Amino acid sequence: MLDLQRLRALHAVSVHGTVGAAATALGYTPSAVSQQIAKLERETRTVLLEREGRGVRLTDEARQLVVTAQELMAIVERAETELEQRRGVPAGRLTVAAFASAARGLLPGVLADLATRHPALDTRLTEVDPHLSVDLVAKGVVDLAVAHDWDVAPLPAPAGVEQAVIGNDLCDLLVPEGHPFAGRASVRREELGGERWICQPPGRICHDWLLRTLRAAGHEPDVVHQAEENPTLVALVAAGLGVALIPRLGRGPLPEGVVQVALDPMPVRRLYALWRTGAARRPAIEEAVRTLKGFWPRVTAPASPRSPLHRCAATGPLPGTLSAPAASNARAAG
């Protein structure tokens with residue numbers, strides 16, 4: 001008889017591409033994942049993984065088993081959802097994927113609150129890129145994802161995945177002290193030509209958004225420095241090496257040497273919670289989405305924006321921010 005955990009390990013390798021990445025997603029060690037797949041190979045008397053350079057490649061037989069694994073995992077999910085719904089309380093394991101600034105600025109409080117109020121619920125967080133998180137939800141690798149999009153780059157959600165809006169995250173122009181924009185209350189997008197930009201690497205949503213936005217305003221951006229983490233981007237601005245557009249969520253207080261200036265119109269990215277349609281009735285999903293919405297107004301204001309006009313000012317809840325009503329199972333809007 002095929003073991004579901006071993007099928008789950010093979011499925012994770014097919015989704016993430018390597019044994020190491022699959023192990024990280026499952027919360028195992030790479031050797032544990034390799035052992036699970038080796039046992040599955042012995043049980044099925046089939047070669048499932050073949051060496052390819054420094055990685056592995058799934059055989060045709062393995063790909064067929066992955067399809068079966070996904071079907072079995074969906075059946076198990078339905079059974080778990082029905083049992084949890086009968087109990088009427090959030091319980092069991094809930095795996096959550098979130099992009100970096102949400103994992104830093106929003107999820108710690110949410111997960112701690114869920115753990116306090118629902119001790120039978122075991123939440124597990126993985127930090128991933130927003131583009132990847134949607135696919136992980138669709139394939140059943142994680143139960144819930146927190147992702148984001150921009151107006152010029154809407155977040156696609158495949159069939160079978162539902163979403164609810166968590167809130168809007170504002171984005172500020174950060175410049176070094178002494179920059180011509182540092183004394184301004186706001187700057188129009190048409191004025192951004194000729195700046196030296198600091199942003200995330202190509203392929204990231206924020207990088208793509210910056211290029212599209214500046215090109216729409218008639219400027220070809222000169223990206224001089226690239227870094228994955230927002231704190232690194234802020235540190236480069238503080239060193240006087242360029243300017244950056246950085247969202248407020250998870251940004252933290254700005255250091256000496258950095259001034260926050262409003263961009264007109266102000267960029268906004270929207271945060272979503274996403275889950276599979278088959279798990280929509282699960283109390284753990286409903287409660288997690290409700291808690292995400294409830295915590296959002298607490299994290300929308302920057303801790304200490306540095307500006308010559310209001311050094312210690314803080315913004316209140318964003319206009320139109322959703323509070324904590326029951327999660328709306330809205331279909332992806334494209």
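**R45**

I began with R45, which counts as exposed because its relative accessibility is 80%. I placed R45 in the loop between α3 and β1 (49-52). I then looked up its backbone: phi of R45 is near 55 degrees, a positive value in a residue other than glycine. I note here that the model is predicted, and that every value in these entries is computed from it.

**The chain as a whole**

I counted secondary structure next. The protein chain has ten helices and 13 strands. It holds 334 residues, and buried residues make up 47% of them. I also looked at contacts with a separation of 6 or more: residues 24 or more positions apart account for 77% of these.

**α1 against α2**

Helix α1 covers residues 4-16 and helix α2 covers residues 19-26. Their axes lie 8 Å apart, and the packing angle is about 115 degrees. I recorded the crossing of α1 and α2 as right-handed. On the α1 side, the contact uses R8, A9, A12, V13 and H16. On the α2 side, I listed V19, A21, A22, A25 and L26. I sorted the residues of this contact by type and got eight nonpolar, one polar and one charged.

**α2 against α3**

Helix α3 runs over residues 30-44. I found α2 and α3 packed at an angle of about 105 degrees, with axes 8 Å apart. The two helices are therefore roughly perpendicular to each other. From α2, the residues V19, G20, A23 and L26 meet P30, V33 and S34 from α3. I sorted this contact in turn: five nonpolar, two polar and no charged residues.

**α1 against α3**

I recorded their crossing as left-handed. The α1 residues in the contact are Q5, R6, L7, A9, L10 and V13. The α3 residues are V33, Q36, I37, K39, L40 and E43. I sorted the contact of α1 with α3 into seven nonpolar, two polar and three charged residues.

**V33**

V33 sits in helix α3. V33 is buried, with a relative accessible area of 0%. Which residues does V33 touch, not counting those up to four places away in sequence? I found A9, V13, V19, A23, L26 and Y28.

**L192**

I moved to L192, in the loop between β7 (186-188) and β8 (196-199). Is L192 buried or exposed? L192 counts as buried, because its relative accessibility is 2% and the cut-off for buried is under 20%. Leaving aside neighbours within four places in sequence, I found L192 in contact with L173, F181, V187, W197, L214, H219 and L263. I also looked up L192 and A217, which are 25 residues apart in sequence and 8.5 Å apart in space, C-alpha to C-alpha.

L170 is in strand β6 (residues 161-176). Its relative accessibility is 17%, so L170 counts as buried. I found 6.2 Å between the C-alpha atoms of L170 and P267, although the two residues are 97 apart in sequence. I then checked P265, in the loop between β11 (258-264) and β12 (268-276). The peptide bond from D264 to P265 is cis, with omega near -5 degrees.

**α10**

My last entry is helix α10 (residues 283-299), which has 17 residues. From first C-alpha to last, α10 reaches 25 Å, close to the 24 Å expected at 1.5 Å a residue. Twelve of the 17 residues are buried, so α10 is largely enclosed by the rest of the structure. Among the buried residues I noted P283, A284, I285, A288, V289, L292, F295, W296 and V299. E287, T291 and K293 of α10 are on the buried list as well.

Technical notes. Residues numbered from 1 in each chain as written. Predicted model: local features only at pLDDT ≥ 70, side-chain atom pairs only at ≥ 80, totals over all residues. Heavy atoms only, no water. Axes fitted to C-alpha atoms, helices over the stretch in contact; angles between N-to-C directions. Helix = DSSP H or I, 4+ residues; strand = E, 2+ residues; numbered from the N terminus. Left-handed = near helix turned anticlockwise from the far one by under 90°. Contact = heavy atoms within 4.5 Å. Nonpolar A, V, L, I, M, F, W, Y, C, P; charged D, E, K, R; others polar. Parallel < 35°, antiparallel > 145°, perpendicular 65-115°, else oblique. Expected span 1.5 Å × (residues − 1). Buried < 20%, exposed > 50% of the residue type's maximum accessible area, 1.4 Å probe, protein only.
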